[in-house]
Amino acid sequence: MKSIISLLSIFLFLSSTISSQEVTSYYVPGSYLNFRTGPSTDTEVIEKLEQYTNVEFISVEGDWAKVRYDGNLGYVFKTYIEEGKALVHETSYRIGATCRDGSNSSATGRGACSHHGGVANWRYRTEKQVQIQK
């Protein structure tokens, strides 16, 4: 009985120690970064991480960082990530329309293509606002 209590105490201590460790966030500052299965350019690319993608730093192996992304463990070249967490807010707004006859209109509301067969599709612009938390 004492051994079970001792094992339980050790387990509870270790689980509280592990859960209290702080996770170090890193992000991709460049346009994209290969997320690989191993610490080499010869290994398979799991995914291309886009700019401002956040990853969880695990460890360093030479020039490579072992990271967790979307529940998967993999490797990225360590000089292409920076410490911090990228918070990205995107705002889209209408900038005009393409009319059914192929012409473009800068009007953004009702009647934008009234003399050109109506609106085929609206054109939008998306702006990103990025904040890096260190």
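Author: Let's start with pairing: two strands pair if DSSP finds at least two bridges between them. Helices (H or I, at least four residues) and strands (E, at least two) are DSSP runs, numbered from the N terminus. As an example, Asn34 has Lys48 in E3 as its bridge partner.

Reader: Okay, and what kind of model is this?

Author: This is a predicted model, where local features need pLDDT of at least 70 and side-chain atom pairs count only at pLDDT 80 or more, while totals for chains, interfaces and linings use all residues. Residues are numbered from 1 along each chain as its sequence is written, and side-chain values use heavy atoms, with hydrogens and water left out.

Reader: How many helices and strands does the chain have?

Author: You'll find one helix and ten strands. Going along the sequence, the pattern reads α-β-β-β-β-β-β-β-β-β-β.

Reader: Back to pairing, then. In which sense do E2 and E3 pair?

Author: Antiparallel: E2 and strand E3 (residues 45-50) share five bridges.

Reader: Which strands does E4 join?

Author: Take E1 (residues 24-27): it runs antiparallel to E4 (residues 54-61), with four bridges between them. Ser25 has Glu56 in E4 as its bridge partner. E4 is also joined to E5 (residues 64-69), again antiparallel, by five bridges.

Reader: How do I read "buried"?

Author: Buried means under 20% relative accessible area, exposed over 50%, and partly exposed in between (1.4 Å probe, protein chains only). Of the chain's 134 residues, 21% count as buried. Strand E2 (residues 32-36) is mostly covered, with four of its five residues buried.

Reader: Which residues make up the largest nonpolar core?

Author: The general idea is a set of buried Ala, Val, Leu, Ile, Met, Phe, Trp, Tyr and Cys residues joined through side-chain atoms within 4.5 Å. In this chain the largest one has eleven residues: Tyr26, Val28, Leu33, Phe35, Leu49, Val55, Ala65, Val67, Tyr69, Val76 and Ile81.

Reader: What does Tyr69 touch?

Author: A contact means heavy atoms within 4.5 Å. Leaving aside residues up to four places away in sequence, Tyr69 touches Phe35, Glu47, Leu49, Thr53, Asn54 and Val55. Across the chain, residues 24 or more positions apart account for 48% of the contacts with a separation of 6 or more.
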